[in-house]
Amino acid sequence: MKWQGRRQSGNVEDRRGMSGKGKLAAGGGLVAVVVILLQLFGGETGQQLAPLIEQVGNSQTTQQVEQRALTAEEQKMGDFMATILAYTEDTWSQVFRENNLGTYQEPKMVLFTDAVSTGCGNATSASGPFYCPAGQKVYMDLAFFEELKTRFGAKGGDFAIAYVTAHEVGHHVQTLLGTSSKVRQLQAQTSKTEANKLSVAQELQADFYAGLWAHYNKEYLEAGDIEEAMSAANAVGDDAIQKRTSGSVNSDSFTHGTSRQRMQWFMKGYETGDIRNGDTFSALIN
């Protein structure tokens, strides 16, 4: 993706030089795996996952803050993340303006290593990228993307990172539009299976929003970028993760959507460029 020399967002808080190095407690690994399965591209930790993240952060680690200088490569990645966030700011400001949705309120992004304290509780890198509505911040441990390749078989690449970032910003958009609060209300009134369907619709809409963002930024795309996003979406579908970890698939337990669904909704956003086509709830629930 073309990004060097472009505007960088001022909404990035880089905590990588002040990382919490924790000692893993006995038995903590299983909890971390559970968090990975629940939280990959996991959207909002707010009402649903804050207690679990709090548990992981508190029970797994004993925090010791270390300060160090960032390497040249880390500094470059920080610049890249700041540029991608700036792209999302410009895109969503335009989308909100074009669709009379009010003024877009920009989220913050926190870059961290190993562990982080958030408004939704403490989290480790096992949580994967996530959005916390308390404070309206996206949290990213960039080491996740290496695991995405080695553990989950994605191609990797800079646009895979951009896609994940745009997905998490999509959850911020859902917060601003009131979608997230409505989902939580409905989930509290229904069965676990139906609540999971609502979660799937919410996650797929964030994928649609990521595709919509890509549509608005076609001038910055390079050959192979969309394929990188598709590879990442395919790798973290619920069915793909369940097959890889247990050898079987239980659709009632899906919370993020199948690989096919995630790719389809990203591409729908990318191809249409129209936020009005992103009603995943009517498509999946009714």
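In what sense, parallel or antiparallel, do β4 and β8 pair, and over how many bridges? In this predicted model, β4 and β8 run in the parallel sense and are joined over four bridges.

**Figure 1. The whole protein is built from eleven helices and eight strands.** The protein has 286 residues, of which 53% count as buried. When contacts between residues at least 6 apart in sequence are considered, 79% of them join residues that are at least 24 apart.

**Figure 2. Four strands form an open sheet in the order β1-β4-β8-β7.** The pairing within this sheet is mixed. Because β1 (12–14) and β7 (130–132) stand at the edges and have a single partner strand each, one side of each of these two strands is left without a neighbour in the sheet. On average, and with direction ignored, neighbouring strands of the sheet are turned by 25° against each other.

**Figure 3. Strand β4 pairs with β1 and also with β8.** With β1, strand β4 (residues 108–111) pairs in the parallel sense over three bridges, and D14 has L111 of β4 as its bridge partner. With β8, the pairing of β4 is again in the parallel sense, here over four bridges, and M109 has V138 of β8 as its bridge partner.

**Figure 4. E228 is a buried residue of helix α8.** The helix that holds E228 covers residues 225–235. The relative accessibility of E228 is 17%, and therefore the residue counts as buried, since the cut-off for this class is under 20%. A polar atom of the E228 side chain lies 3.0 Å from the backbone nitrogen of F159. If neighbours within four places in sequence are left aside, E228 is in contact with G156, G157, D158, F159 and A160.

Terms used: Residues are numbered from 1 along each chain as its sequence is written. This is a predicted model: local features need pLDDT of at least 70, side-chain atom pairs count only at pLDDT 80 or more; totals for chains, interfaces and linings use all residues. Side-chain values use heavy atoms; hydrogens and water are left out. Two strands pair if DSSP finds at least two bridges between them. Axes are lines fitted to C-alpha atoms, for helices over the stretch in contact, and angles run from 0 to 180 degrees between N-to-C directions. Buried means under 20% relative accessible area, exposed over 50%, partly exposed in between (1.4 Å probe, protein chains only). A polar contact is a pair of N or O atoms within 3.5 Å; within protein, one must be able to donate a hydrogen and the other to accept it, and residues adjacent in sequence count only if both atoms are side-chain atoms. Contact means heavy atoms within 4.5 Å.
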